[in-house]
Amino acid sequence: MTVDFAALKSLRDAAGDRHILDLFAEDAQRASRFSAMADGLLFDYSKTNIDEATRVALFDLLSVAGVAEKREAMFSGEKINDTEGRAVLHTALRNLDGGPVYVDGKDVIPGVRQTLARMDDFADRVRRGTITSYSGVPFEDVVNIGIGGSDLGPVMAYEALKPYVDGPHCHFVSNVDGAHVHDVLSGLNPQTTLVIVASKTFTTIETMTNAQTARDWLVQSVGEEGISKHFAALSTAKDKTAEFGIDPDLVFGFEDWVGGRYSVWGPIGLSLMLAIGPQRFADFLRGGQAMDTHFRTAEWEDNLPVLLALVGIWHNQVCGYATRAVLPYEQRLLRLPAYLQQLEMESNGKRVAMNGSDLPFDSGPVVWGEPGTNGQHAFYQLIHQGTRVIPCEFMVGRFGHEPALTHQHELLVSNCLAQSEALLRGRSLAEATEIMKKKGFEGVELERQARHRVFPGNRPSTTLAYEQLTPFVLGQIVALYEHRVFVEGVILGINSYDQWGVELGKELALALQPVLAGEADGAGKDGSTLQLVDYLRIND
């Protein structure tokens with residue numbers, strides 16, 4: 001059934017220009033009543049214009065859309081990705097303590113655990129130095145070559161968990177631009193470098209182009225005979241990995257019920273496991289598992305993924321705010337906004353409903369962001385005083401990992417809290433006028449200067465707070481956003497697990513390669529494309 005946002009839009013219209021601060025004035029317990037906790041994660045959405053009536057209306061969407069039923073269908077292995085006829089079971093990859101999960105009558109959990117055990121054994125032996133390079137020395141560096149979910153997940157998690165890295169240093173290559181692979185490899189010793197090629201089909205053009213470049217680089221140092229010692233693959237195409245020269249024992253496969261942007265929990269996370277070790281990787285999985293349990297069992301009013309999704313629906317589909325900013329006040333989460341950008345925009349950036357009809361409303365928002373406090377000196381000007389309202393999602397930890405720099409962490413936290421308060425409170429013209437009076441301005445110039453210093457305020461934000469960024473907490477956060485995407489997708493009536501929008505550009509790129517090489521004439525191409533080809537053709 002298609003949801004109808006009319007009731008919610010009526011509530012929005014009735015609220016008019018109501019200030020969020022008024023909601024705090026009316027309810028002394030608002031902060032606690034519009035917050036929820038799960039295993040140490042605190043989600044505060046009280047700095048939004050959602051009141052009790054609005055929250056009830058948002059909860060009604062869950063029943064109309066059948067979120068509870070579809071949630072169980074996903075966890076149970078039903079093929080909810082119906083355009084591709086696939087189950088959606090990234091949750092099975094972190095199902096360390098649960099029971100069986102069936103796909104087409106087969107329990108997939110034994111296979112998941114067998115693959116995890118193989119990963120554990122491989123990572124442990126590389127870290128201990130019992131798996132060595134061709135020259136018999138331990139590996140010091142790992143290069144993960146992938147793109148999309150085969151890159152964004154591992155690099156995000158590796159950067160996030162740097163305090164726990166006690167294994168090989170990891171490097172990541174994704175862009176087909178030769179500068180990327182060149183710059184990564186040029187700083188490494190091929191004699192001590194292990195390369196992981198992450199491509200389910202072993203045909204992804206960017207990944208395989210970079211993999212061949214890395215292979216050529218290694219051959220110059222270890223020869224053809226050493227290739228099998230320096231490569232591992234995350235792929236199901238064992239014929240192609242064998243042809244490439246990779247030892248079958250170093251190929252780790254995964255099923256078609258794991259989408260790329262949801263795959264960091266399994267073999268795609270091998271580089272992370274090598275860096276932090278199997279036990280800490282298991283902690284990461286357990287964080288995700290804990291969020292799965294919370295999502296399945298918590299009541300709506302306490303359910304973090306549901307609340308995060310409903311806030312997103314309220315801001316985007318009801319209020320018409322087309323973007324959301326993800327603002328982690330945690331430098332090591334510097335790649336999280338990019339990771340969530342793919343997770344949300346590739347999942348919910350659709351224009352048709354499950355039945356193929358046009359969506360009667362906007363789909364997912366534009367997701368972007370940077371870590372604080374860097375963003376404060378870049379784009380916060382627009383957030384605070386621009387003409388568009390941009391809902392902000394702050395994240396911050398109670399503790400950092402540098403005890404000697406606690407004073408800096410306190411400054412970081414105070415900046416995070418101050419920014420959300422400033423978005424909420426703003427500064428009136430009267431307040432700005434008083435400030436400028438004290439600076440000696442008067443008359444027309446006083447008013448002009450004061451107006452430049454007005455902050456509209458009444459701009460919504462949420463805050464996700466946690467104790468410290470550990471492997472467990474990172475697992476919680478990633479799973480939280482995965483389930484947020486699921487809930488929003490169900491409410492919108494779309495398939496969050498296909499990505500046909502990436503296909504057309506790939507097809508056209510393959511067709512343009514011979515045109516750029518001067519091997520085809522570009523018949524049927526538009527004038528702009530042909531002009532650009534003429535300018536950019538390398539072989540002329």
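Is glutamate 52 buried, partly exposed or exposed, and what is its relative accessible area? Glutamate 52 is partly exposed, with a relative accessible area of 35%, where buried stands for under 20% relative accessible area, exposed for over 50%, and partly exposed for what lies in between, using a 1.4 Å probe and protein chains only. The model is predicted, so local features need pLDDT of at least 70 and side-chain atom pairs count only at pLDDT 80 or more, while totals for chains, interfaces and linings use all residues. Residues are numbered from 1 along each chain as its sequence is written, and side-chain values use heavy atoms, with hydrogens and water left out.

**Domains**

- The chain is divided into domain 1 (5-76 + 283-425 + 460-498), domain 2 (92-276) and domain 3 (501-536), with bounds that come from an automatic or database domain assignment.
- Between the C-alpha centres of domain 2 and domain 3 there is a distance of 33 Å.

**The parallel sheet**

- Five strands form an open sheet in the order β6-β5-β7-β8-β9, with parallel pairing; strands (E, at least two residues) and helices (H or I, at least four) are DSSP runs numbered from the N terminus, and two strands pair if DSSP finds at least two bridges between them.
- Because β6 (169-173) and β9 each have a single partner strand, they stand at the edges, and one side of each is left without a neighbour in the sheet.
- Strand β5 (residues 141-145) is joined to β6 by five bridges in a parallel run, and within this pairing aspartate 141 has histidine 169 of β6 as its bridge partner.
- Five bridges also join β5 to β7, again running parallel, and here asparagine 144 is partnered by isoleucine 196 of β7.
- Strand β7 (residues 193-198) pairs with β8 in the parallel sense over four bridges; alanine 198 has leucine 234 of β8 as its bridge partner, and valine 195 stands opposite phenylalanine 231 of β8.
- Strands β8 and β9 (residues 251-252) run parallel and are joined by two bridges, with valine 251 of β9 as the bridge partner of alanine 233.
- Together with helix α11 (residues 238-244), β8 and β9 make a right-handed β-α-β unit, right-handed meaning that, with the strands pointing away from the viewer, the path from the first strand over the helix to the second runs clockwise.

**Burial within the sheet**

- In a regular strand the side chains alternate between the two faces of the sheet.
- In β7, Thr193, Val195 and Val197 on one side and Leu194, Ile196 and Ala198 on the other are all buried, which covers both faces; with six of its six residues buried, β7 is therefore largely enclosed by the rest of the structure.
- Strand β8 (residues 231-234) likewise has both faces covered, with Phe231 and Ala233 buried on one side and Ala232 and Leu234 buried on the other.

**Salt bridges**

- The structure holds 33 salt bridges, each being a side-chain nitrogen of Lys or Arg within 4 Å of a carboxyl oxygen of Asp or Glu.
- One of them joins the side chains of glutamate 52 and arginine 33, at 3.3 Å from N to O. Since glutamate 52 lies in helix α4 (residues 52-65) and arginine 33 in helix α3 (residues 30-33), this pair ties together parts that are 19 residues apart in sequence.
- Arginine 33 counts as partly exposed, at 38% relative accessibility.
- Arginine 215 forms a salt bridge with glutamate 224, the closest N and O atoms being 2.9 Å apart; arginine 215 counts as buried at 12% relative accessibility, whereas glutamate 224 is partly exposed, with a relative accessible area of 48%.
- Aspartate 534 and arginine 537 form a salt bridge in which the closest N and O atoms are 3.4 Å apart.

**Annotated positions**

- In an unreviewed entry, the UniProt annotation "active site" covers Glu346, His377 and Lys506; positions are given in the numbering used here, feature names are shortened, and annotations may be inferred rather than shown by experiment.
- These residues are spread over 161 residues of sequence and also in space, up to 36.4 Å between C-alpha atoms.
- Glutamate 346 is found in helix α15 (residues 336-348) and counts as partly exposed, at 23% relative accessibility.
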